[in-house]
Amino acid sequence: MLSAPSLREIIWPINRDEYKLFMPMALMMLCVLFNFSALRSIKDALVIPTLGAEVISFMKLWVVLPSALIVTIIYAKLSNSYSLEQMFYLVVIMFLTIFVTFTFILYPNSDFYHFSPETTQNLIASYPHMQWFIKLVSHWSFALMYVFSELWAVVVINLMFWQFANHVIDTNRAKRFYPFLAMFGNLGLIFAGNSVVSLSNPQNCFFCFFAEYIGDYKDDTEITLKLLILLICAVAVVSMLILRYIHKYVFSDKAVKLAHNPTSTKTSLSLRESVKLITSSRYIGYILVIVICYGFVINLLEGPWKNKVRELYPNTNEYLRFMGNFNIWMGTTCVAITIFTSNILRFFGWFVAAIMTPSIMAITGSLFFIFVIIGDSFNILLPFSFDPLYAAVIAGATQNILSKSTKYSLFDSTKEMAYIPLSVELRTKGKAAAEIVGAKLGKSLGAFVQSLLFILIPSASFDSITPILMVVFITIIMIWFMDLNKLNTEYKKLHE
């Protein structure tokens, strides 16, 4: 008969002899999620107040998705020549180069590189059905920054970090490690949120010093961007140093137990053979579907919400401060939920943990859509009055925080565990296809639905198309549940 777990095993299931492996990985997770959170605030604050929330749908479909496909092909080719450690350094340096180029060269001179407002308005007047594409092209450097900020999450976190974790951690240890890796990572959201709020405040001492140091600058946003990108670069360098430390000092310790040889991460199949292997794997197909469903659903929800945020905070720096505060609440809630849900995976099994995210999203998402559709009516029904716009922003933020908290703590953990029983080829290239293409394809499909409505009806807005989005949302949630049931059956077979 199994003995009941102790209180320490429930609250903190990491054993003392595992600290040498767990703690560096937790710190590395914190670093990459810090950058993810800061970049998310930057990309939205650049694009949405300037171009409108509607342009995000066109960005994700026509720019982000093709970029994700190109990155997947490049990654598959590089994985035959470089180890996972070498690829991490290459990828991170490439991202940092683009971020620095945009911040220190393109943004300060954006008036020179972009279309003039008059040219943009004349083109929109001539081609009203193409207005969102015209806005996108007219601010092409903002689109470039948006794309690579989006790709940081799927390439550096979902692909590079988690592939590394799946390679050295076995299934039984993953049940204990992964929720707490997510918890440490979510501390990065809190730190990033505080950094964004602080550095976007013109009264901040760093802001004032930097503004005085560089002298002539375009606007307050330029100062905030430069400070944040310098901080992002510093944190990225720390993450690379941690990875080097793990390979040099942790993996050389024979007392540290690893699932696979950490140096054998190169693959051997050609691109054509890799595509054949991935497309013939029903198991990878099931993972791909849940990744697509998550991206699809979150895109349907974020569009109407971010449109409300833009109405409430039309200024770029005000929007940036709101997103910073949002990330603080996101990180705090994620840490709290991880503490409460970390034992679900260990004591109730993979499937129960996996269905938590779509269940939470189904409930909170439906309530948000209902509120947006009939929110103004609440002033008639309730005995007190309130601002419907502010209430919609808070309702959307609450939905986002709760759904993403379960996503970071349970969805990511269960999804990553699903890769562990696979071969190194499928863990590397199958994961690349599912994570990079799947994540962006899901968001692009959601974007396609929205952009199609905006093209067909030039006068349409998120407020007018929300009822249609709610019907699509419920349909995708049902597909998600059915696919999880099939994946659970296959996962149990492989695990056994």
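Trainee: At what angle do helix H9 (residues 171-199) and helix H11 (residues 220-250) pack?

Mentor: An angle is taken between N-to-C directions and runs from 0 to 180 degrees, the axes being lines fitted to C-alpha atoms over the stretch in contact. In this predicted model, H9 and H11 pack at about 150 degrees, and their axes are 9 Å apart. That makes H9 roughly antiparallel to H11 (under 35 degrees is roughly parallel, over 145 roughly antiparallel, 65 to 115 roughly perpendicular, the rest oblique). Helices are DSSP runs of H or I with at least four residues, strands are E runs of at least two, and both are numbered from the N terminus. Residues are numbered from 1 along each chain as its sequence is written. Local features need pLDDT of at least 70 and side-chain atom pairs 80 or more, totals for chains, interfaces and linings use all residues, and side-chain values use heavy atoms without hydrogens or water.

Trainee: At what angle do helix H6 (residues 117-126) and helix H7 (residues 131-138) cross?

Mentor: H6 and H7 cross at roughly 160 degrees, and their axes come within 9 Å. That makes H6 roughly antiparallel to H7. H6 passes H7 in a right-handed crossing. Thr120, Leu123 and Ile124 of H6 touch Gln131, Ile134, Lys135 and Ser138 of H7. This contact divides into three nonpolar, three polar and one charged residue.

Trainee: Which residues make the contact of helix H14 with helix H15?

Mentor: H14 (residues 316-348) and H15 (residues 350-374) pack at about 140 degrees with axes 6 Å apart. Ile344, Leu345 and Phe348 of H14 make the contact with Trp350, Val352, Ala353 and Met356 of H15. Here seven residues are nonpolar, with no polar and no charged ones.

Trainee: How many aromatic pairs does the structure hold?

Mentor: A pair of aromatic rings is described by the distance of the centres and the angle of the planes. The structure holds 28 such pairs (centres of Phe, Tyr or six-membered Trp rings within 6.5 Å; planes under 30 degrees apart are stacked, over 60 edge-to-face, the rest tilted). The ring centres of Phe58 and Phe133 lie 4.9 Å apart with planes at 75 degrees, so this pair is edge-to-face. Phe58 belongs to helix H3 (residues 55-78) and Phe133 to H7, so the pair ties together parts 75 residues apart in sequence. Ring pairs also link Phe95, Phe99, Phe148 and Trp152 into a cluster.

Trainee: Are Phe58 and Phe133 buried or exposed?

Mentor: Both Phe58 and Phe133 are buried (under 20% relative accessible area; exposed is over 50%, partly exposed in between, with a 1.4 Å probe and protein chains only). Leu159, in helix H8 (residues 140-168), is also buried, at 0%.

Methods
A crossing is left-handed if the near helix is turned anticlockwise from the far one by less than a right angle, and right-handed if clockwise. Contact means heavy atoms within 4.5 Å. Ala, Val, Leu, Ile, Met, Phe, Trp, Tyr, Cys and Pro count as nonpolar, Asp, Glu, Lys and Arg as charged, and the others, Gly among them, as polar.
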